Amino acid sequence: MKIVLFLNKDLEANIAYNLLKSELLSHSVRIYYSDTVGNPKNKPSDLVKLEYFEKGFVFNELSEFINENKIENSFEFFDDNFKSFPIKKCSNVNSVEFINEMKDLNPDLFISIRFGKIFKDEIIQVPKNGLINLHSAILPDYRGIMGTLHAIKEENTKIGCTLHTIPNSGIDTGEIIEIAERNVNREKSLFWNIVQLYPLGTELIIKNLKIIDSNNSLNTQKQNLEEGNYFSVPAKSDFEKIESLGMDIISVKDYQEVLSSFIMKNLSEIEKLHLTTCIKHSW
């Protein structure tokens, strides 16, 4: 199939891509990325820090750490060394120029993971098999930005991710394809809990890609949009509530564990110590 993958340039989306890569290699793929989600102004300090370690540290300090220490790994970063598929920034997914570019490509499917732009009706109509999105929270309960933060804040014992269609410009209102859940680990940080959703979510994508590729229809279920809530950019009070429950927003230990689990899987003990020093230096 001809697939267009829309991602945000951050750690979670980069992890998701690498988990999908072996499946994507059997298709013709183009990648477009955004580099912001939500209003960049007046973000609480906890969110600014979280976003730095999702973006700035990953594509600068971590990249330098890997190169300077000659660490071998197969993780493919969204940077100048990216080789597997064509990739470029998409500033306006709804522009006439981009829509015409997509019409010329004639794609079979759009897939969105953490993409920071709203798709409008005209671009959504381009791919033959529509547009599917991986939402990192359970729908319809937690639509919008960082729904899992709110699920944990409300002391749910389970969190999850939802694969759903995007049939129009409504945000997280499409039909649900499938939901995957896992238990909240209250000994770990908010960041760690969110990252653990992406292996589950990419499994859903791969499973349903195979269904679409076999010319079969996806089983979907309409959402009851009278249920649940839409959440915008989290406020300072949202992060304070998480911390009042005894959970870190992000920690050095959890951050290093994520990097070691998904990116640098075979670090020696001395390399782990050097990585800890590198992270703490930017903390």
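Is E54 buried or exposed, and what is its relative accessible area?

Author: E54 is buried, with a relative accessible area of 8%. Buried here means under 20% relative accessible area, exposed means over 50%, and partly exposed is in between, using a 1.4 Å probe and protein chains only. Before going further, keep in mind that this is a predicted model: local features need pLDDT of at least 70, side-chain atom pairs count only at pLDDT 80 or more, and totals for chains, interfaces and linings use all residues. Residues are numbered from 1 along each chain as its sequence is written, and side-chain values use heavy atoms, with hydrogens and water left out.

E54 is found in helix α2, which covers residues 45–54. The helices (H or I, at least four residues) and strands (E, at least two) are DSSP runs, numbered from the N terminus. Leaving aside residues up to four places away in sequence, E54 touches D10, L11, E12, F59, R114 and F191; a contact is heavy atoms within 4.5 Å.

Take F59 to begin with: K9 lies over its face, at 5.1 Å from the ring centre. For that to count, NZ of Lys or CZ of Arg has to be within 6 Å of the ring centre and within 35 degrees of the ring normal. F59 is also touched by N14, a residue of helix α1. N14 counts as buried at 0% relative accessibility. Besides F59, its contacts beyond four places in sequence are F75, E76, F77 and F78.

Rings of Phe, Tyr and Trp (its six-membered ring) pair if their centres lie within 6.5 Å; planes under 30 degrees apart count as stacked, over 60 as edge-to-face and the rest as tilted. F75 counts as buried at 9% relative accessibility, and F77 is buried too, with a relative accessible area of 9%. The whole structure has 20 aromatic pairs. Another of them is Y17 with F85: centres 6.4 Å apart, planes at 85 degrees, so edge-to-face again. Y17 lies in α1 (residues 11–24) and F85 in the loop between α3 (56–68) and β3 (87–89), so the pair ties together parts that are 68 residues apart in sequence. Both Y17 and F85 are buried.

K70 has its place in that loop between α3 and β3 as well. It has a positive phi of about 50 degrees although it is not a glycine, and at 70% relative accessibility it counts as exposed.

R114 takes you to the largest pocket, being among the residues closest to its centre, along with V37, F115, G144 and I145. There are 42 lining residues in total, and about 790 Å³ of space lies in the pocket. How is that worked out? On a 1 Å grid over the protein atoms alone, a pocket is an open set of points where a 1.4 Å probe fits, with protein on both sides within 12 Å along at least five of seven lines, and lining residues have an atom within 4 Å of a point. Points are joined across faces, edges and corners, and the volume is the space filled by probe spheres set on them.

The helix you asked about matters for the count here: α2 gives the most to the pocket lining, with 4 residues. β5 (131–135) and β7 (158–165) each supply at least two as well. By class, the lining has 16 nonpolar, 17 polar and 9 charged residues. Ala, Val, Leu, Ile, Met, Phe, Trp, Tyr, Cys and Pro count as nonpolar, Asp, Glu, Lys and Arg as charged, and the others, Gly among them, as polar.

Y32 lies in strand β2 (residues 28–34) and counts as buried at 2% relative accessibility. Its contacts beyond four places in sequence include F6, F98 and F115, and also K88, C90 and M102.
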